[in-house]
Amino acid sequence: MPATRLVYRHRWPVRVMHWINVICLCVLLGSGLQIFNAHPALYWGERSDPGKAVLALEGGVDAQGSPQGTTRIGRHTFDTTGVLGASKVDGEWTSRGFPAWATIPGPGWLAMGRRWHFFFAWLFVANGIAYVGWSIATRHLARDLVPTRRDWHGIGRSIVDHLRLRHPQGDEALRYNVLQRLAYLVVIFAFGGGIVLMGLAMSPRMDAVLHGLVDLVGGRQSARTIHFVIAMGFVAFVLIHVAEVFLSGPINQLRGMLTGWYRVRKAPDEPEASPHD
């Protein structure tokens with residue numbers, strides 16, 4: 001076995017805020033899909049005119065009278081029976097946008113879903129502000145997340161390494177590569193800030209404050225569509241993030257995010273050291 005050493009990689013504020021985000025995103029996704037199911041269609045502009053949805057999840061029956069779920073994107077329609085448009089709840093077929101297993105807190109509890117969504121949305125905002133503030137104050141943002149000139153020069157190699165599922169070893173594993181840095185910046189500022197602003201823009205009570213923003217994006221229905229698209233962006237990021245954790249060593253990665261200590265391979269001439277040195 002190659003010689004290894006433990007390095008204190010993640011400080012406790014990062015670990016705490018990371019796991020708060022995990023909880024918030026899981027609840028926000030499930031409760032958001034619950035809210036979406038009340039009207040499983042997206043529009044562009046200020047109005048939600050029938051037949052003009054850019055995305056619609058619809059339930060019905062086919063020519064043989066069997067339950068059928070369809071997903072309509074613009075003029076294109078896809079059969080998504082059992083997943084989107086029509087799925088089973090307690091063994092019975094029903095027309096619903098997303099299936100019951102994906103919605104929180106239950107298959108049809110809209111009022112409670114809204115309460116959960118708004119509570120965890122504000123927790124997500126507070127946690128995000130705390131993270132950005134802490135990152136600026138400790139120079140974590142400038143030191144670990146903003147790409148350096150060296151990072152930009154190596155972006156081609158980083159893309160190739162990711163495509164070949166090659167992961168850095170030794171001290172290189174202790175710093176984020178350029179693709180990670182760019183991904184985190186996009187998620188924090190573009191996704192995080194965008195989804196909060198679009199969520200506020202959907203609220204009729206925010207007209208006096210964000211009326212200009214609503215007009216800028218084309219209307220309240222446009223804000224709802226952008227909110228949904230960014231949410232799916234979060235889902236894509238999480239799936240890729242989890243896949244990378246498993247590919248690069250799940251036990252080591254989880255240890256690092258739970259305890260802060262991360263194991264790396266030692267250089268041949270490096271002396272033995274205690275984890276607490």
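In the hairpin that strand 4 makes with strand 5, two residues lie between the strands, and Gly 74 there takes a positive phi near 60 degrees. This is a predicted model, and in it strand 4 and strand 5 (residues 76–79) pair in the antiparallel sense over four bridges, with Ile 73 standing opposite His 76 of strand 5. Strand 4 also forms a hairpin with strand 3, in which five residues separate the strands and Gly 65 in the turn has a positive phi of about 85 degrees. Here strand 3 (residues 55–61) and strand 4 (residues 67–73) are antiparallel over seven bridges, and Val 61 faces Pro 67 of strand 4.

| Hairpin | Residues between strands | Turn glycine and phi |
|---|---|---|
| Strand 3 and strand 4 | five residues | Gly 65, about 85 degrees |
| Strand 4 and strand 5 | two residues | Gly 74, near 60 degrees |

Helix 6 (residues 178–201) has 24 residues and reaches 33 Å from its first C-alpha to its last, close to the 34 Å expected, although a kink of about 30 degrees is centred on Val 187. Val 187 is also one of the buried residues of helix 6, which include Arg 181, Tyr 184 and Met 198, and what covers these buried residues includes helix 2 (110–137) and helix 8 (220–248). The N-terminal end of helix 6 is capped by Asn 177, a side-chain oxygen of which lies 3.0 Å from the backbone nitrogen of Leu 179.

Turning to the cysteines, the count of disulfides is zero. The sulfur of Cys 26 has its closest cysteine sulfur in Cys 24, at 9.5 Å, and is therefore too far away for a bond. Cys 24 counts as buried because its relative accessibility is 0%.

Definitions and conventions
Residues numbered from 1 in each chain as written. Predicted model: local features only at pLDDT ≥ 70, side-chain atom pairs only at ≥ 80, totals over all residues. Heavy atoms only, no water. Disulfide = S-S within 2.5 Å. Buried < 20%, exposed > 50% of the residue type's maximum accessible area, 1.4 Å probe, protein only. Expected span 1.5 Å × (residues − 1). Bend = angle between axes of the 7 residues up to and from the residue. Contact = heavy atoms within 4.5 Å. Polar contact = N/O pair within 3.5 Å; in protein donor to acceptor, adjacent residues only side chain to side chain. Pairing = 2+ DSSP bridges.
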